[in-house]
Amino acid sequence: MRAVLLDAVAAGDVSLAAEDVPEPQVERPRQRDHGDWATNVAMQLAKKAGTNPRALAELLAGRLTAADGVAAAEVAGPGFLNIRLEAGAAGALARTIVETGPEYGRNDALAGHVINMEYVSANPTGPLHIGHTRWAALGDALVRLLRASGAEVTPEYYINDAGAQMDKFGASILARATGGEVPEGGYVGEYVNDLAARVLAEHPELPDLPTQEAVAVAREAGYRLQMAEIEETLAAFNVHFDVYFSERELHDGGAVRAAVDRLREQGHVFDDGGAVWLRTTDFGDDKDRVMVRADGTPTYFAADAAYYLSKKDRGFPGKIYLLGADHHGYVNRLKAIAACAGDDPERNIEILIGQLVSVAGARMSKRAGNIIELRDLIEWIGTDPVRYTLARFPADSPLTLDGEKLREQNLDNPVYYVQYAHARTRQVARNAEAHGVTRDGFDPAALDHPADADLLGTLGSFPEVVARAARLREPHRVARYLEELAASYHTWYGQCRVTPRGEDPVEPSHHARLVLNDAVTQVIANGLGLLGVSAPERM
């Protein structure tokens, strides 16, 4: 398209300088009978070119129609261009997809973006539960999408391992290990008993230690064991972090105090009533925030500020926070921290809030009491159904999962529907190969059935779906696309043959459709991979 524009400029048909010709945005039309591609470039450039959009579109349509591989170019509405390709030009996409392989769909829409993305960040005082599950699935899918769109992303888990809750955690383990009373507000559940037994096995001297020392030993050993379980559960859910960042290290290393001093130097810190405050109201917060209490102890907010500064100092211009439904109050204060740190709160920080998830038919954890554990969900439903289902809905919509329906292996289950389409492509390929159909002599012009064109059109839109899902932070767009592709494939399968009937000879269309079948295999696998879901060979 840009080449056609540049040719028109060079010929003097369009009054523009070559450097003013952008890379036009070309998209698949929503209605396939409008053509293979559509663009509004004439509407974008008409004013600058000193003409009206429809006149420019008609000029470009004439040049496009004369181009190799273009069957027709039609003007619609005020200046849209609908482009229809010849079968050979359209069909070549199948070979391109197969040759590109796992890289097909990757794009550079976010090239140059360097992002730190924090999500899950559960306290290391208990197992992961349903409240963490949605962000584990969506956060990991978003990391994959951003990377596929050219961004450099570091997924990070912030370990809340400082403060009174850690001492209560240690005291609770000690109580279970020695037969004492769990402190008020402490931790209960069978998982604490399990931790106590393991800590006692590692430290048989625990009952004989002075209380304060015993709490510290129980706390550190329990913390290590619980974090190991959290990492193991996340790995089973196909989620991996590049960085596990300790809040306690911020305090022990002096970063929290240094953050207060640094923000004071920038004029945003003041003293009042013996406490140290950050003037966040200057940046849209509803009230100023205490950083250091009158007794000299820093607040969680001070640690949040130090953590933000740490991300900035580690070279992350972009910072994405994925927070739960009960964290709306954090949005303005985190943006205020960004502004106080000298960043642009509209550009350098992004806060995504996810709504609650419930699971119909789930049983509360026997180990942890009144929660639904993530590892129980994995065992009961499976990683793929949970991850896919969480990915196919916008994060800001409340969601109820029906556990038994997600376990069903039928085409009413969306994840099964998409995975079945992938497995079907593999079976079709195996059958074709057994009947002597090869991939040699691929002739894209042989993909001349309307169902071929429809399937190719759906395949061709995948890179834009990926780029848009990444830009909008919406992994559900990939899931919905995969369901559309699976439907298009099943329709194609019913209308076009990859394997000859009976004793019929192998024809060019069979060779070409085997390659097209392989292209569907690749795109479904690529899309499922972006959601952290497997693409089975057989079902």
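These are my notebook entries on what I looked up in this structure.

**Before starting.** I am working with a predicted model, where local features need pLDDT of at least 70, side-chain atom pairs count only at pLDDT 80 or more, and totals for chains, interfaces and linings use all residues. Residues are numbered from 1 along each chain as its sequence is written, and side-chain values use heavy atoms, with hydrogens and water left out.

**Entry: the nonpolar cores.** I looked for nonpolar cores, meaning sets of buried Ala, Val, Leu, Ile, Met, Phe, Trp, Tyr and Cys residues joined through side-chain atoms within 4.5 Å. Buried means under 20% relative accessible area, exposed over 50%, and partly exposed in between (1.4 Å probe, protein chains only). The largest core has 112 residues, and M117, L146, Y157, Y388, L459 and L531 touch the most other members. Helix α5 (residues 130-148) gives the most to this core, with eleven residues. Helices (H or I, at least four residues) and strands (E, at least two) are DSSP runs numbered from the N terminus. I then listed contacts (heavy atoms within 4.5 Å). Beyond neighbours within four places in sequence, L531 has contacts that include A141, Y388 and P475. A second, separate core holds 30 residues, among them L250 and I337.

**Entry: R426.** I found R426 in helix α16 (residues 414-434). Residues up to four places away aside, R426 touches D518, T521 and E537. The side chains of R426 and E537 are joined by a polar contact of 3.2 Å. For that term, I counted pairs of N or O atoms within 3.5 Å; within protein, one must be able to donate a hydrogen and the other to accept it, and residues adjacent in sequence count only if both atoms are side-chain atoms.

**Entry: H511.** Is H511 buried or exposed? H511 counts as buried because its relative accessible area is 15%. H511 sits in helix α20 (residues 508-530), and its side chain reaches the backbone oxygen of T438 at 2.8 Å.

**Entry: the largest pocket.** On a 1 Å grid over the protein atoms alone, a pocket is an open set of points where a 1.4 Å probe fits, with protein on both sides within 12 Å along at least five of seven lines; lining residues have an atom within 4 Å of a point. Its volume is about 1200 Å³, taken as the space filled by probe spheres set on the points, which are joined across faces, edges and corners. The lining has 42 residues, with V120, S121, A122, H132 and H327 nearest the centre.
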